[in-house]
Each structure stands twice: as C-alpha cells, then as structure tokens.
Amino acid sequence: MLERKNGRPDRRLPVAVIWLVVGILAAATLLVAYYSHRPTSVSAIVQTKSTPSFNSPPVKLDYKANSVKSGKLVPMVRGNRLTAVMLMASWCLYCAYEDKWVWPTILQTTPGLQLNIVDVSDESGIGVPGPQQPAFTGHDSVGPVVKVAGMESTMRQYIQRFNFHYANAHVFVAPNGGEYWKLSAFPTLLFFNRQGRLVQRINGALTEAQLRSVVHQLLQHGA
C-alpha cells in the first residue's frame, strides 16, 4: 500500500526496486552484447564453409613436407585423376572424424584419387572423432607442443589408431603449413587436377555424402 505524504499518495519507488530495475536492464544489455559478438560455433563454421566453388585461383602443387613413413622432406604424391591435400591437426575432432568415417570409403571407391594428409599443428594429441552419426560429436584432444620428430610420432600413432592404411593415402607433417596455406579452419581441403593446379579449396569438415559430391563434381569437370 502506498504511504501518504501531505495527504497525497507517495508514488516514489523504493530504492530497492529502482536498483532491481537497473540490474535487470544491465543484465539484458550484457546478454545482447554477448550474443551479437560471440564467435560462430564450430559446427556452424563447418556447414557454412563447406560449400564447394570452382572459382579458386590457380595454385601449383609445389609443396614439400616431411613424410611420416620415411622422415624425409618430399613432394606431395599426385593422383592419376585428382589429388587431395588435407591440412589438419592431429588433435582436431573434425580431422579425426574425416579420417575415421569419411576418407576410407572415398579412397576405396575412387580410382585415380590420391590423398595427402598433412599435420600442420605442432600441438600433439589425437582427436576423438565420436560416432559416425550424429557427425562431429567427438572432442578435441590437445597435447603439448612438440617438434617435427614429435609430430611424426603422433601421426604414426594416429595412423594406427584409425587403421589408416591405404595405398592411395600418404601422411606428412609440416609445422609451417598453416602459415604457407593461410589456414582459417581445421581441416582445410585442397583439390588439384592432373596438372597439379588448385581447382577447389574447402575450409572445414565434410560428411561422407558432401565429400563424395565434391569429388564427383571435380571429376565430372575434368579436374
């Protein structure tokens, strides 16, 4: 009930009510600022950056990296019809998902395709891919920073964990690869034609159906 002052109702709000209103308005302002400026979620990035386009500038596949198998600095291995380079991080869940669930089927059903997997992160650890469905529900597993020998050791463990033994896939490490290719996402997929010229770049992970569609389109376009 409102108290009376000088015979009139006192309509001034209590101090506690005023501070409550101020607090609610401040909280609302902070929430609006947060949701308008927070980074896009990784899953959203994957979806929005996975749309293929055929207008990438031509770039030659003149790139060398340390072979996990031989430990030597060697050029990428080229396919008879199409060469794919997957720039990745061993600790990345999206990269692990690609190598566990996506690439094996594509590699075994696409003659003339060569895949070069290149770990470009000097942070060790092996990502957890999660189940095939729903996709990308695993988690990153970042380990300590290592040198080239440590990167090679991590990728040998990576190959064994995912049983990634395919004649048309080779694995490399290149700690300078992220800077060289100006990476903005893990993984980044590069596709080169028979002449070793870049015909497609995709920043982000793909499901098996999406990758199959990309490879099919490139081969149809005479990549």
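**Pocket, backbone and surface**

Student: Which elements each supply at least two residues of the lining of the largest pocket?

Tutor: A pocket is an open set of points on a 1 Å grid over the protein atoms alone, where a 1.4 Å probe fits, with protein on both sides within 12 Å along at least five of seven lines; lining residues have an atom within 4 Å of a point. Helices (H or I, at least four residues) and strands (E, at least two) are DSSP runs, numbered from the N terminus. The elements with at least two lining residues each are β4 (73–75), α4 and β7 (169–173).

Student: Which strand gives the largest share of that lining?

Tutor: The model is predicted: local features need pLDDT of at least 70, side-chain atom pairs pLDDT 80 or more, while totals for chains, interfaces and linings use all residues. Residues are numbered from 1 along each chain as its sequence is written, and side-chain values use heavy atoms, without hydrogens or water. The largest share is 4 residues, and they come from β7.

Student: How much space lies in the largest pocket?

Tutor: Grid points are joined across faces, edges and corners. Volume is the space filled by probe spheres set on the points. For the largest pocket, that comes to about 310 Å³.

Student: Is Phe136 buried or exposed?

Tutor: Phe136 is in the loop between β6 and α4. Its phi is positive, about 60 degrees, although it is not a glycine. Buried means under 20% relative accessible area, exposed over 50%, partly exposed in between (1.4 Å probe, protein chains only). Phe136 has 13% relative accessibility, so it counts as buried.

Student: What is the relative accessible area of Lys182?

Tutor: Lys182 lies in the loop between α5 and β8. It is not a glycine, yet its phi is positive, about 55 degrees. Lys182 is exposed, and its relative accessible area is 64%.
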